[in-house]
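Hi everyone, thanks for coming. Today I'd like to walk you through how two parts of a protein meet, so please have a look at the model on the screen.

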Amino acid sequence: MSISRRGLLQSSALVAAVPMLKAAGLDAVAPAQAQTQAAPEWKHALSLFGDIKYPADFKRFDYVNPDAPKGGIARQISIGTFDNFNLAVAGVKGTIAPAVGLIYETLMARSQDEATTQYGLLAESVSHPDDHSWVIYRLRKDAKWNDGQPVTPEDVLFSMESLKKYSPMYSSYYKHVVKAEKVGSHDIKFTFDAPGNRELPTIVGELTVLPKHWWEGKDSEGRKRDIGATTLEKPLGSGPYAIKDFVAGRSVTLERVKNYWGQKAPTRIGQNNFDEMRFEFFRDTTVSLEAFKADQADWIIESSAKSWATAYDFPAVTEKRVVLEEFPINDSGRMQGFAFNIRRELFADKRVRRAFNYAFDFEEMNKQLFYGQYKRINSYFEGTELASSGVPVQREFEILKEVYGEIPPEVIAKPYENPVGGDPERVRENRRQSTRLLKEAGYEVRDQKLLDKNGKQVSVEFLIDSPPSERIVLFYKPSLERLGIEVTVRTVDTAQYQNRLRSFDYDIVTEVWGQSLSPGNEQRDFWGTESADVPGSRNTVGIKNPVIDKLIDKIIFAKDRETLVAATKALDRVLLWHYYVVPQFTYGFSRYARWDRFSHAPLPKYGRSGLPTLWWYDKAKADKIGRRS
């Protein structure tokens, strides 16, 4: 299914607790409030720049089958483990079960055949002034929790307060929401700290709504629930699925809610068709693949190029009982790379970081490990129109001129290019460039060891949490050792990895930053100065750069798509020319293998595979390929 900004952030783990807004923050909204006009008419949808496909009386999305049969079981694989069902602390405590995302709902739901448009889900309509200084959401009167109680404005206020309090990601994402209040029996108003931030009404619509009455109540043993703590109590949701049962760390089973309030809502028709969805957890991708082959799961997402090329030659594929399919990724971009912790003295110097990039022979790695399937990442927004290329022109050039004295001159004068390897001559030249840069940074080689100014050998640790990552680092390791660097590869379990990541206790990690087609406030959490020292933030690198802060503001306060794209490209260039990461590789498709038991309508442009939301159990197909093991 398509990926929203909120989804991209949550998929990489939510983050640590911060204080709630102080009264002084509310004072800042007075001028904006005084200037606001009367509320415009109520709208059924929001789009960042006004393009809305479906009218107010639309019955369903075009890409769903309204007559899709309900029933069947869908079994899917999750890698890792879990010990928490509490979304509010997901980024700072425990490991969240991915199934939790299917039991809650948001104020608005995104359509998957439009780039940035949302339609009412828990909310039936929305209103905001032309200057975007506030927004009001009106809840549907028939929206209910799965215990039958109505979803109320109090639930929405509780959710905003709790998520901001316990999650640095949400605190950063909703930083500009300085006031939330009930202004009618079903209406909630969010006031912003200044006018002009066009995406704030939209991202407020992405708020996950939690049940206040449940969290403030007591559990089955009479203990008061604590939204600031992890829990394995089955949570109450308002969504189409509820947790049926689970085995901690091993499996979660969801069941479709029979009296789900939203089953006839236009944004839900034809979706969520399985009676049960089972998540089976595996610590190792090799074991999970064997489980899939043995028909212990209905589909598997394959992230390994080697496995995709070599591991699916088994009878069920030949007999066409198992289908291999690739789905284009049109809904997002990404940066994946070896991320430096520039809080460490070694990596505070840009020349050292650049030297590491020269040492990375992607072309040879692609040939030896990935069967030539990947391409090198050259942008923090790879795969989208937001990626920079060539030299800056027109609006992008104008934006960069405003900060010219504060950026490396190459940002404007030269296109960014990664070093190219793949043959001995190029590799030797790249190694010479690495050695030159390290020498300029004050390091010297003696007795084949790279020494710092104190005569100590330079050493680095790559922190990883999975065997597939290990083989990539081990391929890179000899290139760094030839520079005289002592390299350690430390593989830890998921819990330890997350704890070290949250506390910034690492030299180098492999990080992935997913990017939506409409970047905005989440960029503060990725690269902004204020997030650099917040435990659990997504500013893995530790960037504190005033120019980057200015460019993020340009993106957030863009008044049209042209400016948004230009400002994003400008930000991309500045990030690239500071060499905060060694960019790795990407592939423009999601790879799926599935037992041929399911069907779907034509998939939307931004929906990827659409699994599991848009598919349904096809009994005729299931009978044809045989019973599950």
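Taken over C-alpha atoms, the centres of domain 1 and domain 3 lie 30 Å apart. This is a predicted model, in which local features need pLDDT of at least 70 and side-chain atom pairs count only at pLDDT 80 or more, while totals for chains, interfaces and linings use all residues. Residues are numbered from 1 along each chain as its sequence is written, and side-chain values use heavy atoms, with hydrogens and water left out.

Domain 1 covers 45-63 + 83-234, and domain 3 covers 332-421 + 457-586; such bounds come from an automatic or database domain assignment.

How many residues of domain 1 are in contact with domain 3? There are 22, and they touch 19 residues of domain 3, where contact means heavy atoms within 4.5 Å.

Next, the buried area: the accessible area (1.4 Å probe) that two parts lose on being put together, summed over both. Here that is about 1700 Å², with 52% given by carbon and sulfur atoms. On the domain 1 side, F49, S172 and E199 supply 27% of the area buried against domain 3, more than any other three residues.

Now for charges. Between these domains there is 1 salt bridge, meaning a side-chain nitrogen of Lys or Arg within 4 Å of a carboxyl oxygen of Asp or Glu. K175 pairs with E530, and their closest N and O atoms are 3.0 Å apart.
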